[in-house]
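Hi,

Here is the structure I said I would pass on. Have a look at it first, and my notes follow below.

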Amino acid sequence: MTGTLRGSIRIGAAAAACALAVVTSACGTTPPTRSTTPLAALGQPEGKVSILGWPGYVEDGGNDPAVNWVTPFEQQTGCKVEFKPFGTSDEAVTLMRSGQYDVVSASGDAALRLIGGGNVDPINTALVPNYADVFGYLKNKPWNSYEGLNYGVPHGWGANLLMYRTDAVTPAPTSWRSVFEDAAQYNGKVTAYDSPIYIADAALYLMAHRPDLKITNPYALDRTQFDAAVDLLKQQRKHVGEYWSDVTKEVQAFGSGSSVIGTTWQVGANLAQENKTPVNTVLPSEGATGWSDTWMVSSKSKHKTCAYKWLDYIVSPKVNAQVAEYFGEAPANSKACAETSDKDFCTTYRAEDEQFADRIWYWRTPIAACLDGRTDVTCIDYSAWTEAWIEIKG
């Protein structure tokens with residue numbers, strides 16, 4: 001098996017009225033003080049660490065006795081793990097802001113909100129030895145750093161690919177056009193990811209095919225650009241049979257033939273192929289959206305030595321390989337590929353393919369202060385994306 005996703009599936013971001021308060025006062029509140037001082041040195045382990053994470057990231061054998069990287073961490077460090085899973089980025093942000101948790105695995109849309117809200121500390125990477133082996137193309141990116149400060153340790157990443165049934169879709173698609181302008185060819189059998197962040201997929205397509213719109217970042221849309229993306233999705237809606245948030249259910253739809261083309265993750269394609277469903281995937285010519293997750297430390301944590309020890313441990317080669325295979329994503333540590341049980345795993349997930357990674361627009365939270373650097377217009381924030389998504393789905 002080339003990767004298994006078990007337990008709950010990430011659903012993506014839900015509504016977020018204020019995304020990054022440090023750079024916009026659109027919410028009408030005073031921006032919080034953002035922490036800018038990393039931890040200087042580790043102390044004695046405090047005995048415990050409370051972790052928020054996507055299901056599948058913090059396994060202690062409870063779901064599968066053969067899958068347990070938490071117990072070795074506890075034995076090595078003396079830090080007892082308390083784990084709470086979350087299902088959406090919005091839930092992660094809310095829980096982290098309570099101050100009850102030490103560490104969180106944050107996708108880019110959550111990470112920026114936590115940085116802007118002063119909820120996480122910048123990271124002293126010198127205290128995380130395994131950080132040195134993280135792929136360079138994942139470090140110091142807009143979704144895990146701000147104003148020159150690093151706020152987390154990259155963990156894993158993946159692309160939102162185009163999957164199609166080879167017995168129903170010919171010729172093989174090479175563009176997202178197949179699910180937008182050409183969607184009528186597969187009327188009722190097109191599938192799409194069920195989240196407001198999917199509006200970025202439409203914007204990405206328009207960025208390549210509507211140069212007059214002048215889109216340079218699918219997460220930075222002014223009113224005209226945003227309306228064009230929404231209109232495209234409303235046209236697509238006529239041909240969508242099902243929006244999915246659980247990849248296992250999407251795999252079932254492809255197996256039954258009720259879906260024949262649409263967005264997926266690599267793990268979904270793996271599962272479908274293991275079920276003998278005739279599917280293939282492609283990274284379309286326009287590129288794709290995707291996710292890159294980051295481990296971050298709470299600014300209110302009282303267990304920062306244990307938190308740092310977790311950051312170093314979870315991104316160590318062997319453990320990062322275990323998590324990547326269990327969850328179904330590319331690992332962040334460059335040495336993890338040599339530790340996977342499936343020696344083709346990193347090839348399948350394109351983990352060492354920097355050119356592939358560079359074609360992915362990783363999830364970020366749209367905010368009023370345009371992420372593409374424009375200052376002469378106001379961009380549409382995520383609360384409006386959420387409202388539009390409800391309207392699109394009808």
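Let me start with one cysteine: Cys-337 has a relative accessible area of 11%, so it is buried (buried means under 20% relative accessible area, exposed over 50% and partly exposed in between, with a 1.4 Å probe and protein chains only). Before I go on, a word on what you are looking at: this is a predicted model, where local features need pLDDT of at least 70 and side-chain atom pairs count only at pLDDT 80 or more, while totals for chains, interfaces and linings use all residues. Residues are numbered from 1 along each chain as its sequence is written, and side-chain values use heavy atoms, with hydrogens and water left out.

Back to the cysteines. Cys-337 is joined to Cys-346 by a disulfide, S to S 2.1 Å (a disulfide being a pair of cysteine sulfur atoms within 2.5 Å). Cys-346 has 6% relative accessibility, so it counts as buried too. The link of Cys-337 and Cys-346 is left-handed, with -90 degrees about the S-S bond.

How many disulfides does a search of the whole structure find? It finds 3. Another of them is formed by Cys-79 and Cys-306, with the sulfur atoms 2.1 Å apart. Cys-79 sits in the loop between helix H1 (70-77) and strand E2 (80-85), and Cys-306 sits in helix H8 (residues 304-314), so this pair ties together parts that are 227 residues apart in sequence. (Helices, H or I with at least four residues, and strands, E with at least two, are DSSP runs numbered from the N terminus.) Both Cys-79 and Cys-306 are buried, and their link is left-handed at -80 degrees about the S-S bond.

Then there is the disulfide of Cys-370 and Cys-379, whose sulfur atoms are 2.1 Å apart. The torsion about the S-S bond is about 105 degrees here, so this disulfide is right-handed. Cys-370 and Cys-379 are both buried.

Now for a sheet. 5 strands form an open sheet with mixed pairing, in the order E9-E8-E10-E7-E11 (two strands pair if DSSP finds at least two bridges between them). At the edges stand strand E9 (240-244) and strand E11 (279-282), each with a single partner strand, so one side of each has no neighbour in the sheet. On average, neighbouring strands of this sheet are turned by 25 degrees against each other, direction ignored. (Axes are lines fitted to C-alpha atoms, for helices over the stretch in contact, and angles run from 0 to 180 degrees between N-to-C directions.)

Helix H7 (residues 266-274) packs on the sheet and touches strand E7 (161-165), strand E10 (261-264) and E11; the direction of H7 makes about 160 degrees with that of E11. Contact means heavy atoms within 4.5 Å.

Strand E8 (residues 190-193) is worth a click. E8 runs parallel to E9, joined by 4 bridges: Val-190 stands opposite Val-240, and Ala-192 stands opposite Tyr-243. E8 and E10 also run parallel, with 2 bridges between them, and Thr-191 has Gly-262 in E10 as its bridge partner. In a regular strand the side chains alternate between the two faces of the sheet. Are the faces of E8 covered or open, and by which residues are they represented? Both are covered: Val-190 and Ala-192 on one side, and Thr-191 and Tyr-193 on the other, are all buried.

Two single residues as well. Trp-291 lies in strand E12 (residues 288-297) and counts as buried at 3% relative accessibility. The side chain of Trp-291 makes a polar contact of 3.0 Å with that of Glu-329 (a pair of N or O atoms within 3.5 Å; within protein, one must be able to donate a hydrogen and the other to accept it, and residues adjacent in sequence count only if both atoms are side-chain atoms). Trp-291 and Tyr-362 are 71 residues apart in sequence, yet 4.9 Å apart in space, C-alpha to C-alpha.

Ser-316 is in the loop between H8 and helix H9 (317-327), and at 14% relative accessibility Ser-316 counts as buried. Leaving aside neighbours within four places in sequence, Ser-316 is in contact with Asn-130 and Asn-333.

Finally, the overall picture: the protein has 12 helices and 14 strands, and buried residues make up 60% of its 394 residues.

Cheers
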